[in-house]
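Hi,

Here is the structure I promised to pass on. Have a look at it first, then read my notes below.

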Amino acid sequence: MAHPALARLDALLDSLPAGTARRRQLGMVRQELTAALDGSVLPSAAGRSLQRLLDDATLRTYVRVARTGALRSRLVNGEKPPTAKATNTARQDCLDLIREAAGLPPLLLEEPSPVELRPTPGSERLRILRRRLGDEVSRILSPGHARFVAVLAIVLDTRARAGELVAQRVIHLSDDRSRIRVVRKPQHGTGAAAADETVALSSLGKAALAQWLPFRAELTEPLQGSATALWVSLSHNHAGAIDEGGRHRFRMPGMPLQQRGLIRSYNSGRQQYGLAHLLPPKLEQLRRALEDSG
């Protein structure tokens, strides 16, 4: 969507004396403002007028939403977490530079209220979820159902993040399918390094994998042994790439499941398999609930 105000903002940004790091930060602000306009977070008038885009009320709304992470261009472990304190400071510094170049005073912001994390299921709800998944294992309806139940069972056993799940390979399972290796990938900014952990599977985890693995074998059979991912796609889907004719390039079933595909599967599966009353809206909320439960 074209916004005339952004073209004027680009001209203003080009005129600013700034080093490489500051240019990168200014680019982040530009990207976030674009997302805010495209998502109707800001009034439509802000997209038509640079003066309106840079006024106090518009930028305060932008900053408030940007701090929540909603304007991020990329997911972090399958989520859009709140932006870090350093990012918030850089954002405000950039806005002050932009407003100064436009002949405006520094932007005065209210102190942000603490970000409230989405509520997570309690221990009793998690116990009910495990029992319900045990029932689901005994009446698998389809490959999608088998994958959905198995992913949830593995999350319950390992507390794995979405990015850690899609990185799992069949070789991460022990020969007797009683244990699974997880390559932990801590959230960006924590300073913690990736680490391997081998986790014993519960009876639910082992039963759910026993249902999923035969479906996985059928889906990957045409790939002639080249498939290693534990979680694979169920149907043709485009790879996000365009061929020379301008058509989407499609990935065949059995290809490694991507993080966005895993999250979409979770979101749709909650409703499709009647688990919305037990599963939180976000997979990360389920993981956090498991962490909190000890």
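What follows is a short tour of its helix packing, its core and its aromatic pairs.

This is a predicted model, so local features need pLDDT of at least 70 and side-chain atom pairs count only at pLDDT 80 or more, while totals for chains, interfaces and linings use all residues. Residues are numbered from 1 along each chain as its sequence is written, and side-chain values use heavy atoms, with hydrogens and water left out.

Start with the largest nonpolar core, which has 46 residues. A nonpolar core here is a set of buried Ala, Val, Leu, Ile, Met, Phe, Trp, Tyr and Cys residues joined through side-chain atoms within 4.5 Å; buried means under 20% relative accessible area (1.4 Å probe, protein chains only). Leu-165, Leu-209, Trp-212, Trp-231 and Leu-286 touch the most other members. Helix H8 gives the most to this core, with 10 residues (helices are DSSP runs, H or I, of at least four residues, numbered from the N terminus).

Now the aromatic pairs: there are 2. Rings of Phe, Tyr and Trp (its six-membered ring) pair if their centres lie within 6.5 Å; planes under 30 degrees apart are stacked, over 60 edge-to-face, and the rest tilted. Phe-148 and Tyr-273 have ring centres 5.3 Å apart and planes at 35°, so this pair is tilted. Both residues are buried. Trp-212 and Trp-231 are stacked, 6.1 Å centre to centre with 20° between the planes. Trp-212 is buried at 0% relative accessibility, and Trp-231 is buried at 1%.

Cheers

Methods: Buried < 20%, exposed > 50% of the residue type's maximum accessible area, 1.4 Å probe, protein only. Helix = DSSP H or I, 4+ residues; strand = E, 2+ residues; numbered from the N terminus.
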